[in-house]
Amino acid sequence: MREMTAAAARRSALWAQGFAETKPAVAPTRRHIRSVLNRVRLFQIDSVSVAVRAHYVPLFSRLGDYDRGLVDSAAWSHTTRSPRLLTEYWAHEAAFIPIEDWPLMRWRMEQYQRGRHAGEARALDRNPTLAADVLDVIGAVGACSAGDVEKHLEIDRPSRKGSWWDRSDTKLVCEQLFASGALAVGRRVGFTRHYDLTERVLPEPVRAEKLPEEDAIRGLVQRSAQALGVATESDLRDYYRLSKTQTCTAIEDLVEDGVLERVRVRGWDSPALVHRDVRVPRKVDGAALLCPFDPLVFCRPRTERIFGFRYRLEIYTPAHKRVHGYYVFPFLLNGELVARVDLAANRSSGVLEVRSAFVEPDQRPERVVDALIPELRRMATWLGLEEVKVDDRGDLSALLAAEATRP
């Protein structure tokens, strides 16, 4: 079995995710978005918008300042000259995936015929005709939210009893129909899904393609391997939230066919696999801020294994118990995760707020700050903000604040 150093495995992972390439010198175009998508295969969607919606950031991390409208048009519009590139489905959580990957999820849609969880199934049982009624409304009026459907059905939504997850049966049934493939997301307004009939969102050739489950899983595992570079079985499983049985069966087939190679990575406690097309660059240069849901870091055990970087999302941790902050961006510099910054966009004052800043052990703070300041300013410009302000929390904050005030 071939052996790799941990450093080589890390460089392969960065190459696979597109971080070994130079950011374009010109304004990124739809072609650049397609190039990144071909590598990472999904952009995770999340409701938190304290800095910027998560699905926009992976492109910024890899391409630099780009027009977010390119993502919106790739996801929500279709013309002969610019066909839709993305569709939304449950991949690694809710995510945008390439249109052509939708058929690979049909087996999951079959599993979700009664929804993703028991609440959706119970809503169907309580309302035997509601799914048909929802489809009739959307078929007649076009893409609309669950609230719009309720209005058309003249259903009074019960008064809220608690938090945002207190959803009406209409919303639950819309989610069940989306999970089962009967509905797709035609667009989002704000962050609200507007559902439409799948045949009005996806082209007929995509809808017509049917694959046996084992072929679809094999395709997903192969995409995971290409996106990850070097990966353990659990890494490959996590990328599309597959089962262990599904993943191991696909791995055996792909190894037998020469698509994947088993390797040993020094210092890793699990065997690894490498896709035959993955390269090991001699070095990886450049800097990038990574959102918590970037495919490079969203699998926390993998992030710790590859980068020695323990990373936990603290959104749901009480403020007084947070170690690093609410919405923390790891900072990638020349192939290493060297710092972390808690970011928020204060749009009313035009400020990108650095609420905390921490440097990783064994990193030279001056070197990190010299590289981090330009990236923070680039992000501020990208978000339409005028300046960067640094709060006094974290062992990097004083040095970062001093540099941020320099012209």
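## Aromatic pairs

Rings of Phe, Tyr and Trp (its six-membered ring) pair if their centres lie within 6.5 Å; planes under 30 degrees apart count as stacked, over 60 as edge-to-face and the rest as tilted. By this rule, the predicted model shown above has 9 aromatic pairs. One of them brings together Phe293 and Tyr327: the ring centres are 6.5 Å apart and the planes meet at 45 degrees, so the pair is tilted. Phe293 belongs to the loop between β10 (287-289) and α15 (300-307), while Tyr327 belongs to the loop between α15 and β11 (328-333), so the pair ties together parts that are 34 residues apart in sequence. Helices (H or I, at least four residues) and strands (E, at least two) are DSSP runs, numbered from the N terminus.

Are Phe293 and Tyr327 buried or exposed? Both are buried, where buried means under 20% relative accessible area, exposed over 50%, and partly exposed in between (1.4 Å probe, protein chains only). Elsewhere, ring pairs join Phe60, Tyr66 and Trp382 into a cluster.

## Charges over rings

A charge sits over a ring if NZ of Lys or CZ of Arg is within 6 Å of the ring centre and within 35 degrees of the ring normal. Trp382, a member of the ring cluster, has Arg68 over its face, at 5.3 Å from the ring centre. Likewise, the charged end of Arg39 sits over the ring of Trp15, 4.7 Å from its centre.

## Salt bridges

The structure holds 31 salt bridges, each being a side-chain nitrogen of Lys or Arg within 4 Å of a carboxyl oxygen of Asp or Glu. Let's look at a few of them. Asp101 pairs with Arg223, with the closest N and O atoms 3.0 Å apart. Asp101 is in the loop between β4 (93-98) and α5 (106-111) and Arg223 is in helix α12 (residues 213-228), so this pair ties together parts that are 122 residues apart in sequence. Asp101 is buried, at 2% relative accessible area, whereas Arg223 is partly exposed, at 22%.

Helix α12 also holds Arg218, whose partner Asp257 lies in the loop between α14 (244-256) and β8 (260-265), 39 residues apart. Arg218 is partly exposed at 23% relative accessibility, and Asp257 is partly exposed at 44%.

Arg378 is partly exposed at 32% relative accessibility, while Glu375 is buried at 6%. Shared partners also join Arg34, Arg41, Glu100, Asp101 and Arg223 into one network of salt bridges.

## A covered helix

Helix α9 (residues 169-179) is mostly covered, with 10 of its 11 residues buried. Among them are Leu172, Val173, Cys174, Leu177 and Phe178, along with Lys171 and Glu175. After α9 comes Gly181, with a positive phi near 95 degrees.

## The whole chain

The protein chain has 17 helices and 14 strands, and buried residues make up 55% of its 407 residues. Its C-alpha trace spans about 65 × 55 × 45 Å along the principal axes.

Residues are numbered from 1 along each chain as its sequence is written. In this predicted model, local features need pLDDT of at least 70, side-chain atom pairs count only at pLDDT 80 or more, and totals for chains, interfaces and linings use all residues, while side-chain values use heavy atoms, with hydrogens and water left out.
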